Amino acid sequence: MSQDLSQYEYKTFIRKGDTLRYRMLLPQNYDANKKYPLIVFLHGAGERGSDNNAQLLHGGDMFLRDNIRQNYPAIVIFPQCPSEATWAPMKLIRDNEGKVINFAISAEEPPTKPTALLSGLLDSLLHSKKINTKKVYIGGLSLGGMGTFYMISKFPDLFAAAFPICGAGDVAAADRFAKKVPVWIFHGGDDKVVPVDASRAYDTKLKSLGVEYKYTEYPGVGHNSWDNVFVEPGLMPWLFEHTKRK
């Protein structure tokens, strides 16, 4: 990990005895009298825990890049999901040998404890008068991609745009967010962990709904498609051109 990650402040959000740990990066030359866009990034299964550090492994460096900090000033938060929990309520579907072959995720289910805490944290931040509430963005990879789809399905009025990476979700519930939250979906074409069909299904569904969205599939790339996304030159301009429509 880069030493720069120390620029992310250690934070905790506590509600009813439950704790959500997160790291927060303030913009360069932060002005307490200004309102800034908010970017929420949800990590994958391998970065779960309680050290309030591992979640910065993938993506933490990206938001520290000079060109991003200078051109896209924002408050960035990386919450950390506890070890046995998930960002989206899900059931794992396994084959006869016990290998996970798909994920059953329902937008009808209530949030998991970490996601309920995240919702509370966002509510708190949005009431802090430090956030431009029309420019709240969410993204995440793998388990965090699933959390991204779940969050925009559950709270579509909150977000201006989203970027799920190698995720999966409740495609049947896509109409909940489709007209409100533009998404840029990313997936590796050779992903052996989360099948690319999970994102292709969203591509098909959103196309049929005739809404604004983007779908990028990286041919021959495996589960670590986030490495491609983090150097995708169009991602930050695309995010920041979106303002909540309400």
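Strands E1 (9-15), E2 (18-25), E3 (36-42), E4 (75-80) and E7 (131-141), together with helix H3 (143-154), are among the elements that cover the buried residues of helix H2. This is a predicted model. The chain has 6 helices and 10 strands. Its radius of gyration is 17 Å, close to the 18 Å that the globule rule gives for 246 residues, so the chain is as compact as a globular protein of that length.

**Helix H2**
- H2 runs over residues 113-126 and has 14 residues.
- From first C-alpha to last, H2 reaches 20 Å, close to the 20 Å expected at 1.5 Å a residue.
- The buried leucines of H2 include Leu 117, Leu 118, Leu 121, Leu 122, Leu 125 and Leu 126.
- Pro 114, Thr 115 and Gly 120 are buried in H2 as well.
- An α-helix has 3.6 residues a turn, so residues three or four places apart point the same way.

**The chain as a whole**
- The C-alpha trace spans about 55 × 40 × 35 Å along its principal axes.
- Buried residues make up 52% of the 246 residues.
- Take the contacts between residues at least 6 apart in sequence: 72% of them join residues at least 24 apart.
- The accessible surface comes to about 11,100 Å². Carbon and sulfur atoms account for 48% of that surface.

**His 43**
- His 43 sits in the loop between E3 and helix H1 (66-71).
- His 43 has a relative accessible area of 1%, so it is buried.
- Beyond its neighbours within four places in sequence, His 43 is in contact with Arg 48, Gln 55, Pro 79, Gln 80, Cys 81, Trp 87, Leu 141, Leu 143 and Gly 144.
- Strand E4 (75-80) and strand E7 (131-141), named above as cover for H2, hold some of these partners, including Pro 79 and Leu 141.

**Gly 169**
- Gly 169 lies in the loop between strand E8 (161-165) and strand E9 (183-188).
- Its relative accessibility is 18%, and buried means under 20%, so Gly 169 counts as buried.
- Setting aside neighbours within four places in sequence, Gly 169 is in contact with Ile 105, Phe 149 and Tyr 202.
- Thr 148 is 21 residues from Gly 169 along the chain, and their C-alpha atoms are separated by 8.7 Å.

How values were computed
Residues numbered from 1 in each chain as written. Predicted model: local features only at pLDDT ≥ 70, side-chain atom pairs only at ≥ 80, totals over all residues. Heavy atoms only, no water. Helix = DSSP H or I, 4+ residues; strand = E, 2+ residues; numbered from the N terminus. Expected span 1.5 Å × (residues − 1). Buried < 20%, exposed > 50% of the residue type's maximum accessible area, 1.4 Å probe, protein only. Contact = heavy atoms within 4.5 Å. Rg over C-alpha atoms; globule rule 2.2 N^0.38 Å. Areas by Shrake-Rupley, 256 points an atom, 1.4 Å probe, with all protein chains shown as cover.
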